[in-house]
Structures are given as C-alpha cells and as structure tokens.
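Hi,

Here is the structure I said I'd pass on. Have a look at it first, and my notes follow below.

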Amino acid sequence: MSNDPRPIEPPAPYFGVFDLFKIGIGPSSSHSVGPMKAAGAFLGELAGRRLLPAVDRVQVDLYGSLALTGLGHGTDTAVLMGLLGERPDLIDPDSIPTRLAEIRESGRIRLDGSHEIAFREETDLVFNRRIVLDAHPNGIRFRAYHGRDAEDPIHDSTYFSIGGGFIVRQGEEYRSDSADQPEVPYPFASGRDLLELTDRRGCSISDLALENERAFRPDTETSAGLRRIWEAMQECVSRGCRAEGILPGGLGIERRAPGLLRVLRDRAEESLRDPMAILDWVDLYALAVNEENAAGGRVVTAPTNGAAGIIPAVLHYFVRFCPESTPGKVERFLLTAAAIGSLYKRNASISGAEVGCQGEVGVACSMAAGALTEVLGGNPRQVEEAAEIGMEHNLGLTCDPIKGLVQVPCIERNAMGAVKAINASRLALRGDGQHFVSLDRVIRVMKRTGADMSSRYKETSEGGLAVNISEC
C-alpha cells in the first residue's frame, strides 16, 4: 500500500452509523429530505424566539441545484411538508398528495401544524435558477414576515442541503443529529487511521465502529436501531417488488421490479444452469428500492436517496446467498459501511450537486464493497482495498438526471453499482490487501474530480443525458 500523508488535523464532527443511515422518503436526500429538515429547523428557530404567533407570511427561496431540479426532485413538496411540521422519518408518504392538494386549493398552510397563514407558491416559494450561493450549490433561504406586505423579515435563515439528508445553517458547521456529541474513544480521519487503529487493537473495522457508538448509547440501543434500519430496507424491497404501474413525473417509466420478480420465480429451474443468475436477484433488489424512491416512498438514505438501492441490494445478497450470514453480521455490515462512508463525508462529499454521482453511487458502492468484504471474513486491509476499488471505478460519474427526476439513469445505476460492489469485494478477498492506490488517495481524487467537473453534470439537468434525450 502506498504511504499517504496524514491530515493536518482530524476533521470534526464524528459521523456515526445513524448519521449515514437515516429513514426518510424519496426521491432525493439532498432535494427532499434535506429541505424538509431545513424547514423544520426554521420552525424551531421561530418557536425558540417566540416569533411563530407573529408570522403572517413566509417566503422560501431555492438556489442552485435545488432550483434547477427541485420540481423533478420534489423539493417544493418537501418544503411544504416541512413547514407543516413533518419529519422525513415519520411522515406517512401516502398522506402527502391529499395534504399538498389542501394547501394548494386553499392557499393556506398551518406552520408547525398550528399557526395558519396564507401561502401562495407562485410568490412565496421562489425557484432562483440563475443564482448559486457560494457555500454550496443546494441553498434554501427562509424569511418570516409580520404583515403580508412587510418588507423587512422578523427572522431570516439560510440553510444548505449538503447531501445524504445533512443540513447546515449558513455560517455554522454541521452538527450531528446526536445532541451534545461526546468524544469517541477511537476517532479516525482517514483510511490510514482506521488501519492503524485496527492493527493496534487487533480488531475489525466494525469492532472499532461499535466501540465509538458506545460513546452515544448502549449496545442494545445501537443494535435495535440497526435492526430498524435493516427492517426498513427489507420493507422497501418488498414494497418495490409489489408495486406496479408508471412512475410519476412524466417520463412514462414503468416499474420493472414486479415483472422481474415474476420472471425469476417462473424460471427457477433455468437459473440452476446459469452461473450469473444471482446477479438478476441483486438487480431486482436494487431496482425495487430505487423505484420506491422515485415514487416518493419510504427508503433508507444510504448514504443518499439517489444511491439508496446499492447497500440494501448487497446486504440482501449477503443474507440470502452467502452461508456466512447471521443477524449479528448484518449489524457488522452496516457498522463497517458507515465507517467507510464517514471518510467520504469528512474528506470529500456525498452530494451529487457538489461532486456528481461519484459522490452518491460511487460512495455507496465503496461502502457496500468494504462492508461485504468484512462480513465474508476479510481483514481490515482487504476491506480498505474493496472500498477503494468500489470508488476507483466510479470516478468521474456524472449526475445528469433526465427532467430532474431520480429515474433515468439513477435507477439502473443502482443495480450496476450493487453488482460492481460485489465484484470489488471478490477481487479484494482474492488478494492479501496490498494494493497500489489507497482509499485515502482515491477519496482525494474523487473530491478533485468533482471540483473539476462542469456544473452541467452536477445535478442541474443541464448536460449529459438530461439534454440529449428527446423526452426531456
């Protein structure tokens, strides 16, 4: 392995397993989950300052990628639900169309479910498609006014949706969802740190991650949370395999997962002669999740919604086709994946609007490859190698969704990413963990590639497939 220079100082904060894996709704973690959370944070500021009863008007301005692809990504819907006081992990997706229609028909909205004001989307929810804020391409500004015609707001806040459902207020640093974050016993800022710590302790990456999670909560609570994440992933696959019909948005994309499931079940005997048949099941799991996501259903952000199908697909593969599978190893899989994902979150980005789809599908592929390698018996160096392979062969992946919808090429891209993760794991397991390009180096290259990438290919729908397909 090449010798990498150490970072000057470890970045903060610590990103734990429940920062990387969050239950939410589709179709986008940065364009729907993040804005919904930002609206909730704004309401919290109003309530904390006792300003909510004085509010007569709220104006929301979307900037950059949120404005350019917000309609296709459901950002308008997410903002309205957030202003109602809803949370991504608790909202009932089936209730959204009715509640949205009520707001639009009445021209009124109940802030935090209690304080009713007039709200007209054409004037109070503005898509500033030609303005990109300096700090991040996903900007959202909330202003509250006392008096419908008032010019000066009584409260003004700008947030950035920085990928994976993470939000940060302008002028502040990201704070973990874990309140009063304690110091973890084994902080790490790089893959090199991870390997040195596991060498020193003679443990696996998931062991190290679990030790750090103990700083936040007892093992029983961590285990229960991980089971809930896995159950949500399984439920999403199940729903995606049942739901028929056309995905919303106007592209006319038909859900394929139910039909593929029927084919696989009807041709079970034929699959015995096909050594690649297992990959058809992996494709099915990924398609099911991302079709649910595209329809606005409940998914697990892993680490984003656009890449939500990769980790569940690889984990389903492990549970259903690998004899090494146990419930405990499912938890170890998620812990290892989160440790790898945290390195990208700390040192690069998981936002398609910032670095392209390499920051979403590429990161998810890397996380899944490393996690699968650990639960199949790989040592930490093999895990690190698998994670590196998973990203190296996604470098430069663009984010160019047609019509701003998380459908084409996003859904199939998850199936491809899941298969690539399995192959990356197999390559690493056949070696001894020694390899030429380290995970730290590939993360730095990914970040630089994203910086060099034209904004046309970073979730703006202004380049690539988005402008070269007649349907757009």
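Let's start with the domain interface. About 1,300 Å² is buried between domain 1 and domain 2, with carbon and sulfur atoms giving 53% of that; buried area here is the accessible area (1.4 Å probe) that two parts lose on being put together, summed over both. On the domain 1 side, α2 (29-48), α4 (70-73) and β7 (155-163) each bring at least two residues that touch domain 2. Helices (H or I, at least four residues) and strands (E, at least two) are DSSP runs, numbered from the N terminus.

Before I go on: this is a predicted model, so local features need pLDDT of at least 70 and side-chain atom pairs count only at pLDDT 80 or more, while totals for chains, interfaces and linings use all residues. Residues are numbered from 1 along each chain as its sequence is written, and side-chain values use heavy atoms, leaving out hydrogens and water.

The domain assignment, automatic or from a database, gives domain 1 as 28-169 and domain 2 as 182-215 + 217-457. Their C-alpha centres lie 30 Å apart. In contact (heavy atoms within 4.5 Å) are 20 residues of domain 1 and 19 residues of domain 2. Across this interface there are 0 salt bridges (side-chain nitrogen of Lys or Arg within 4 Å of a carboxyl oxygen of Asp or Glu).

Thr-301 touches Leu-20, Phe-21, Lys-22, Ser-29 and Gly-164, not counting residues up to four places away in sequence.

Cheers
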